[in-house]
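Dear colleague,

Please find the structure we discussed below. My notes on it follow, and I would be grateful if you would read them with the model open.

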Amino acid sequence: MRLLYFAWVKEKTGIAAEDVELPPGVATVGEVIGWLKTRGPEFAHAFERAEVIRAAIDQNHVRHDARIGAAREIAFFPPVTGG
Amino acid sequence: MIRVQQEDFDVAAEIARLKAGRSDIGAIVTFTGTVRDQAGAITKMTLEHYPGMTERELTRLEAEANARWPLQASLIVHRTGTLRPGDNIVLVVTASEHRDAAFDAARFLMDYLKTSAPLWKRETGPHGSHWVEAEPDDESARASWQQKRAAE
């Protein structure tokens with residue numbers, strides 16, 4: 001599965017994109033965040049305030065309780081500030 | 001139509017293109033968002049985005065506006081990359097027979113774009129740079145359209 005990070009989430013994790021194998025039992029976006037937090041200090045820092053992080057599955061906005069299903073790509077980013 | 005681009009846009013040229021060969025349009029509303037220097041605090045603004053999803057969201061919003069109002073034409077252009085104070089950031093153009101639909105749809109598109117298009121601003125000034133925080137007012141502006149919809 002491809003994970004993407006944008007804006008300050010990208011800065012804090014130190015990477016823009018990666019391909020990962022999710023551990024068994026990780027079924028929702030919130031559970032992916034929970035797992036990411038265990039992957040080292042950069043990730044723990046980036047996802048410290050998990051409630052402010054927004055997510056998209058295959059380029060559609062989703063909530064943290066959304067199920068991953070057959071997602072190809074999950075993105076994590078701060079609230080958007082375009083316009 | 002929607003476009004995401006680094007290059008600047010010319011509002012008059014965009015209107016001319018949208019009107020070309022048509023005589024049925026009665027009202028055209030444009031909104032242009034530009035970079036403010038905030039009394040010298042900002043010297044540069046960088047816009048990052050999620051390529052692919054930005055286009056998808058803008059297309060979805062445009063379709064929603066067209067479903068909600070009788071628009072004859074619409075255009076959203078959003079710039080990315082590094083901008084300076086005074087530079088254009090975003091353009092919304094809506095055209096309809098009568099002004100109400102064009103005014104309302106333009107405002108709706110901007111209110112929704114600000115809370116759903118995956119773009120992020122980073123501001124740089126004399127004292128360093130930081131990511132712009134989302135405005136709670138932007139969420140309220142979007143919510144007000146959802147309430148209007150529910151009331152309809």
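Two strands are said to pair if DSSP finds at least two bridges between them; strands (E, at least two residues) and helices (H or I, at least four) are DSSP runs, numbered from the N terminus. This is a predicted model, in which local features need pLDDT of at least 70 and side-chain atom pairs count only at pLDDT 80 or more, while totals for chains, interfaces and linings use all residues. Residues are numbered from 1 along each chain as its sequence is written, and chains are lettered from A and ligands numbered from 1 in the order in which they are written.

Strand 6 of chain B

Strand 2 (residues 27-34) of chain B pairs with strand 6 of chain B in the antiparallel sense, over eight bridges. Within this pairing, Thr30(B) stands opposite Val93(B) of strand 6. Strand 6 of chain B is also joined by seven bridges to strand 4 (residues 71-79) of chain B, and these two run antiparallel. Here Leu75(B) is the residue opposite Val93(B). Eight of the nine residues of strand 6 (residues 88-96) of chain B are buried, so this strand is largely enclosed by the rest of the structure. A residue counts as buried if 20 or more other C-beta atoms lie within 10 Å of its own, as exposed if 12 or fewer do, and as partly exposed in between, with C-beta atoms placed from the backbone.

The open sheet of chain B

Four strands of chain B form an open sheet in the order 5-3-7-8, with antiparallel pairing. Its edge strands, each pairing on one side only, are strand 5 (81-83) and strand 8 (128-131) of chain B. Strand 3 (residues 44-49) and strand 7 (residues 119-125) of chain B pair in the antiparallel sense over six bridges, and Thr46(B) stands opposite Arg122(B) in strand 7.

Chain B as a whole

Chain B has four helices and eight strands, which run β-α-β-β-α-β-β-β-α-β-β-α from the N terminus on. The radius of gyration of chain B is 16 Å, close to the 15 Å that the globule rule gives for 152 residues, so chain B is as compact as a globular protein of that length. That radius is taken over C-alpha atoms, and the rule is 2.2 Å times the number of residues to the power 0.38. The C-alpha trace of chain B spans about 50 × 35 × 30 Å along its principal axes. Of the 152 residues in chain B, 31% are buried.

Lys19(B) lies in helix 1 (residues 11-19) of chain B and counts as partly exposed, with 16 C-beta neighbours inside 10 Å. Its C-alpha atom is separated by 9.9 Å from that of Gln72(B), 53 residues apart along the chain.

Chain A and the interface

In helix 2 (residues 29-36) of chain A, the buried residues are Val29(A), Val32(A), Ile33(A) and Leu36(A). Seen down the axis of helix 2 of chain A, these residues fall within an arc of 100° and so line one face of the helix; the arc is that of the directions from the helix axis to the C-beta atoms.

Between the chains, 14 residues of chain A are in contact (C-beta atoms, placed from the backbone, within 7 Å) with 22 residues of chain B. Helix 1 (7-13) and strand 5 (73-77) of chain A each supply at least two residues of the side of chain A that touches chain B.

With kind regards

Terms used. Contact = placed C-beta atoms within 7 Å.
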